Amino acid sequence: MNDAHADAARRRLKVYLTGFVLALVLTVIPFGLVAQGFFSPALTIAAIAVAAVIQVLVHLRFFLHLDLKSTPRENLLVLAFAAILIGIMLGGSFWIMFDLHYRMMV
Amino acid sequence: MSVSETSLPEAQDDKAFGFWLYLMSDAIIFALLFATYVVMSGNTAGGPTGKDVFDLSHTFAETMLLLFSSVTFGLATVALLSDRRAAVIGWLAVTFAFGAGFVGMELSEFSGMIAEGASPQRSGFLSAFFTLVATHGLHVSAGLVWILLMVGQIAVKGLTAPVRSRLMRLGLFWHFLDIVWIGIFSVVYLPGVMG
């Protein structure tokens with residue numbers, strides 16, 4: 001019993017430390033790019049977006065321990081449903097507001 | 001162990017699922033605050049822009065405090081798995097210190113901005129900024145209160161099954177807030193500093 005506990009604890013520790021190193025790298029890259037101004041603004045924004053999406057996935061996997069096998073199916077369904085709702089609401093808001101902005105300017 | 005402290009594993013699973021539903025509804029609130037910010041971020045009404053009021057090194061320090069607090073919460077979870085009560089309390093205390101440092105840095109940033117005239121009523125950009133970032137800050141503050149409550153419960157009740165289940169939900173909440181912060185520095189601060 002105690003050995004099994006210690007084993008689970010060791011495995012969990014490794015997961016957290018892996019997540020920490022990945023998250024650290026994915027944070028330092030966008031901050032570094034903005035501080036150095038190495039790329040053009042458009043390319044920097046694209047790099048920030050890519051690093052952010054990967055870092056969110058790293059946090060979900062290593063800190064919230066989501067995966068396709070052990071996470072209950074209904075939790076994943078709710079996550080997917082929330083992602084769809086967020087996609088509709090963000091996409092719809094941007095579509096309407098930026099179209100309005102464009103028409104007001106012309 | 002009182003009657004209310006005995007509960008079945010299935011009940012704990014239901015609570016974890018219910019808490020997950022809450023987190024997803026919170027994610028939708030934050031997504032809409034992000035959408036509002038993106039729409040409003042250009043509306044500076046002749047007032048200060050992100051370039052004027054944001055400080056990259058300040059934001060980086062805040063980011064590190066929150067990331068470290070996520071890892072130290074993870075270490076509390078590791079201690080929980082091996083039933084080391086004192087270590088759980090110790091790592092929760094370290095997590096609290098990092099979280100409190102984050103909230104303190106945010107408050108000093110806000111008060112500095114307001115002192116310079118960059119207050120929420122100055123422009124649409126600043127209204128949206130304060131609404132989004134302060135909503136996250138309020139969540140972190142609520143998490144700090146929750147950490148204190150859990151330290152008290154561990155000290156008084158020990159690592160009972162319900163206390164463990166509450167700690168797991170607090171962990172979901174804390175790690176979730178760190179994910180929202182990734183959105184805040186990527187959408188608000190980094191593009192804002194670039195101008």
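Tutor: Let us start with one residue, B:Ser69, which lies in helix H3 of chain B, residues 56-81, where helices (H or I, at least four residues) and strands (E, at least two) are DSSP runs numbered from the N terminus. This is a predicted model, in which local features need pLDDT of at least 70 and side-chain atom pairs count only at pLDDT 80 or more, while totals for chains, interfaces and linings use all residues. Residues are numbered from 1 along each chain as its sequence is written, chains are lettered from A and ligands numbered from 1 in the order in which they are written, and side-chain values use heavy atoms, with hydrogens and water left out.

Student: Is B:Ser69 buried or exposed?

Tutor: Buried means under 20% relative accessible area, exposed over 50%, and partly exposed in between (1.4 Å probe, protein chains only). B:Ser69 counts as buried because its relative accessibility is 1%.

Student: Which residues is B:Ser69 in contact with, and where does a polar atom of its side chain lie?

Tutor: Contact means heavy atoms within 4.5 Å. Leaving aside neighbours within four places in sequence, B:Ser69 is in contact with B:Thr95, B:Phe98, B:Gly99 and B:Trp174. A polar atom of the B:Ser69 side chain lies 2.8 Å from the backbone oxygen of B:Leu66.

Student: What does chain B look like as a whole?

Tutor: Chain B has six helices and zero strands, and its C-alpha trace spans about 60 × 30 × 20 Å along the principal axes. Of the 195 residues in chain B, 52% are buried. Among contacts between residues at least 6 apart in sequence, 81% join residues at least 24 apart.

Student: Where does B:His139 lie, and what does it touch?

Tutor: B:His139 lies in helix H5 of chain B, residues 124-157, and it counts as buried because its relative accessibility is 14%. Not counting residues up to four places away in sequence, B:His139 touches B:Tyr22, B:Asp26, B:Phe30, B:Phe173 and B:Leu177.

Student: How should I read the interface between the two chains?

Tutor: The size of an interface is often given as the accessible area lost when the parts come together. Buried area here is the accessible area (1.4 Å probe) that two parts lose on being put together, summed over both. Chain A and chain B bury about 3,700 Å² between them, 88% of it on carbon and sulfur atoms. In chain A, the residues that lose the most area to chain B are A:Tyr16, A:Phe31 and A:Leu64, together 18% of what that side buries. The contact takes 40 residues from chain A and 38 residues from chain B.

Student: How many salt bridges does the rule find across the interface?

Tutor: A salt bridge is a side-chain nitrogen of Lys or Arg within 4 Å of a carboxyl oxygen of Asp or Glu, and across the interface of chain A and chain B the rule finds zero of them.

Student: Which elements of chain A give two or more residues to the side that touches chain B?

Tutor: They are helix H1 (2-36), helix H2 (41-62) and helix H3 (73-105) of chain A. H1(A) gives the most to that side, with 15 residues.

Student: Which residues is A:Gln55 in contact with?

Tutor: A:Gln55 lies in helix H2 of chain A and is buried, with a relative accessible area of 3%. Leaving aside neighbours within four places in sequence, A:Gln55 is in contact with A:Ala23, A:Leu26, A:Thr27, B:Ile182 and B:Phe185.

Note on methods. A polar contact is a pair of N or O atoms within 3.5 Å; within protein, one must be able to donate a hydrogen and the other to accept it, and residues adjacent in sequence count only if both atoms are side-chain atoms.
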